[in-house]
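Student: Could we go through this structure together? I would like to learn what the terms rest on.
Tutor: Gladly; here it is.

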Amino acid sequence: MHRTDLAALDRAHIIHPYLPSSATERVIMVEGEGSRLRDSHGREYLDATGGLWLAQVGHGRAELADVARDQMARLEYFTSFWEFSNDRAVELAERLVSISPEPLDHVYYTSGGSEGNEAAIKMARYYHHRRGESSRTWILGRHRAYHGIAYGGGSVTGFDLYHDGFGPMMPHVAHLTPPWPYRAELFDGRDCTDFCIAELEETIDRIGAQNIAAMIGEPIMGVAGMVVPPDDYWPRVAEVLRRNGILLVLDEVVTAYGRVGTWFAADHFGVRPDIVVTAKGITSGYLPLGAVLVADHVATELGRDHGFPMGYTYNGHPTACAVALANLDIIDREGLVERAPKIGDFLAAELRRALADVPLVGEVRNVGMMLGVELVADPTTREPLPGIQHIADTIRAEHGVIVRDAATALVLSPALTLGEAEATRIAESIAEVLSRTT
Ligand code: PLP
């Protein structure tokens with residue numbers, strides 16, 4: 001097919017999420033290698049978002065294609081995962097348990113992050129149900145959280161955009177204040193963590209601990225703009241939840257598999273969650289796969305009687321699991337977990353240098369290779385800058401550098417293999433556009 005027809009066909013036939021049908025532009029990607037991409041017109045791009053925050057090992061690894069091919073030729077997939085298993089799923093589970101924080105000894109496979117959060121919510125409620133505490137149905141989340149777009153996780157997601165117009169969301173969800181030190185106005189002049197802990201305790205008192213199943217949170221809030229909590233936030237939250245018999249579910253769909261400089265962000269923040277939801281970086285996006293890691297005490301309850309009544313067609317897909325194993329091998333072999341904070345801090349330093357004189361920049365923040373550039377209309381009032389999607393579009397159109405806008409920030413999450421020269425180019429491209437934005 002002639003490449004120039006692709007954009008017209010795309011407009012005619014594809015419903016893209018978050019894209020009005022009136023939008024005329026389509027960038028149709030056809031090739032990638034490392035952090036480089038090429039579109040259907042032969043234009044080159046530098047991928048500063050690592051796909052959708054997941055390309056740990058970068059694009060175009062033929063090694064992963066070979067693994068998928070070999071696995072498909074041997075056994076591509078076989079039927080339900082309830083009474084059958086497969087060698088790749090078992091090997092991957094052993095591997096995940098070996099790198100995951102204690103006490104996560106069990107794995108439930110999904111095809112992605114939204115499915116994983118659905119599973120985690122049902123696991124939490126079912127765990128309490130099996131223990132004779134069926135009243136524990138409430139789920140605590142945070143405003144500006146993102147837990148995917150399915151019904152349960154989407155209800156815990158804390159943005160109106162994902163709720164409005166879809167009818168009633170899942171009941172028994174409460175949203176708390178996000179731990180976002182830069183937005184001091186959220187905390188009534190108090191310390192961010194102190195405020196959040198007091199609010200958590202008040203909420204537990206109001207709803208009743210006996211009615212609450214779990215709290216779900218992203219260790220670092222991605223869609224909110226890579227919002228990094230104070231170091232004492234997660235340990236203190238975990239302590240309050242434990243004291244009240246409420247499960248801690250970390251949504252590590254973005255943060256897991258090396259992106260923050262440890263295999264899991266739970267290790268970075270020193271917390272022991274009951275359930276961890278992962279996806280994305282588990283395969284670096286080469287195939288869809290998610291893994292929900294579950295602590296022994298929860299898995300024991302789920303395994304009783306007839307087992308956990310929630311199965312997907314693609315639980316434990318052998319080809320996706322084989323690719324995940326090979327992807328984890330590359331991360332290990334190339335030392336990418338250790339590399340993430342080094343190159344992430346280098347990129348953050350380059351951004352701070354290049355943006356030092358740009359008044360629109362409120363702060364540059366990062367943990368490893370999750371970075372946010374907070375944009376403000378006025379540095380004194382910290383009022384968010386409107387229209388930042390246009391800025392991301394301009395950086396792509398004029399510099400060929402792909403960044404995303406997320407809430408009030410430009411967000412970056414490149415491949416963990418990003419080179420220093422590429423990091424400098426990303427920083428200077430962003431600075432050039434921001435320096436002439438008013
Ligand atoms: N949870 C978090 C923290 C995410 O960032 C995402 C996607 O970006 C999801 C869940 C949803 O994952 P998926 O898009 O694979 O369903």
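Student: How many residues does H5 have, and what span is expected for H5 at 1.5 Å a residue?
Tutor: H5 has 18 residues. Helices here are DSSP runs of H or I with at least four residues, strands are runs of E with at least two, and both are numbered from the N terminus. Before we go on: this is a predicted model, where local features need pLDDT of at least 70 and side-chain atom pairs count only at pLDDT 80 or more, while totals for chains, interfaces and linings use all residues. Residues are numbered from 1 along each chain as its sequence is written.

Student: What makes H5 mostly covered?
Tutor: A residue is buried if 20 or more other C-beta atoms, placed from the backbone, lie within 10 Å of its own; with 12 or fewer it is exposed, and in between partly exposed. In H5, 14 of the 18 residues are buried.

Student: Why is Thr79 called exposed?
Tutor: Thr79 has 9 C-beta neighbours inside 10 Å, so Thr79 counts as exposed. Thr79 is found in the loop between H3 and H4.

Student: And why does Arg382 count as partly exposed?
Tutor: Because Arg382 has 16 C-beta neighbours inside 10 Å, Arg382 counts as partly exposed. Arg382 lies in the loop between strands E12 and E13.

Student: What is the phi of Thr79, and what is that of Arg382?
Tutor: Phi is near 40° in Thr79 and near 60° in Arg382. Each is a positive value in a residue other than glycine. Most residues other than glycine have a negative phi.

Student: What kind of peptide bond joins Glu102 and Pro103?
Tutor: A cis bond, with omega about -5°. Most peptide bonds are trans. Pro103 lies in the loop between H4 and E4.

Student: Which residues are closest to the ligand?
Tutor: Gly112, Gly113, Ser114, Gly148 and Val253 are the closest of the 14 residues that surround the ligand. To count as near, a residue needs its C-beta atom, placed from the backbone, within 6 Å of the molecule.

Student: Which helix gives the most to that shell?
Tutor: H5, residues 113–130, gives the most, with 3 residues.

Notes. Expected span 1.5 Å × (residues − 1).
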